[in-house]
Amino acid sequence: MEMRTNCKRCSNELNNLSEAYISSYEYTYCKDSYHELKAVCSNCDGELVIRPKRKPKTN
């Protein structure tokens, strides 16, 4: 899964630990856009679900 860094709708910045939502086509939305769209992707009309979080890589 590609971890996109901006909301598809409003361009808010998202990092690996941000609360974000994705569609089955990996369109990514911030929490505010998710609620405004009522959990339906504005691009594919698919369901938006919580995106898993990734911890930053450490050496």
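**An aromatic pair and its surroundings**

A search of the whole structure, which is a predicted model, finds one aromatic pair, where rings of Phe, Tyr and Trp (its six-membered ring) pair if their centres lie within 6.5 Å. A pair of aromatic rings is described by the distance of the centres and the angle of the planes. Here the rings of Tyr-21 and Tyr-34 have centres 3.7 Å apart and planes at 15°, so the pair is stacked; planes under 30 degrees apart count as stacked, over 60 as edge-to-face and the rest as tilted.

Because Tyr-21 lies in strand β1 (residues 20-22) and Tyr-34 in helix α1 (residues 31-36), the pair ties together parts that are 13 residues apart in sequence. Helices (H or I, at least four residues) and strands (E, at least two) are DSSP runs, numbered from the N terminus. Both partners are buried, Tyr-21 at 9% relative accessibility and Tyr-34 with a relative accessible area of 18%, where buried means under 20% relative accessible area, exposed over 50% and partly exposed in between (1.4 Å probe, protein chains only).

Strand β1 also belongs to an open sheet of three strands, which has the order β2-β1-β3 with antiparallel pairing; two strands pair if DSSP finds at least two bridges between them. The edge strands are β2 (28-30) and β3 (49-50), each of which pairs on one side only. The antiparallel pairing of β1 with β3 extends over two bridges, and Tyr-21, a member of the aromatic pair, has Ile-50 as its bridge partner in β3.

Taken as a whole, the chain holds one helix and three strands, and from the N terminus on its elements run β-β-α-β. Its radius of gyration of 11 Å is close to the 10 Å that the globule rule gives for 59 residues, so the chain is as compact as a globular protein of that length; the radius is taken over C-alpha atoms, and the rule is 2.2 Å times the number of residues to the power 0.38. Along its principal axes, the C-alpha trace spans about 40 × 20 × 15 Å. Buried residues make up 31% of the 59 residues. Among contacts (heavy atoms within 4.5 Å) between residues at least 6 apart in sequence, 41% join residues at least 24 apart.

Residues are numbered from 1 along each chain as its sequence is written, and side-chain values use heavy atoms, with hydrogens and water left out. In this predicted model, local features need pLDDT of at least 70 and side-chain atom pairs count only at pLDDT 80 or more, whereas totals for chains, interfaces and linings use all residues.
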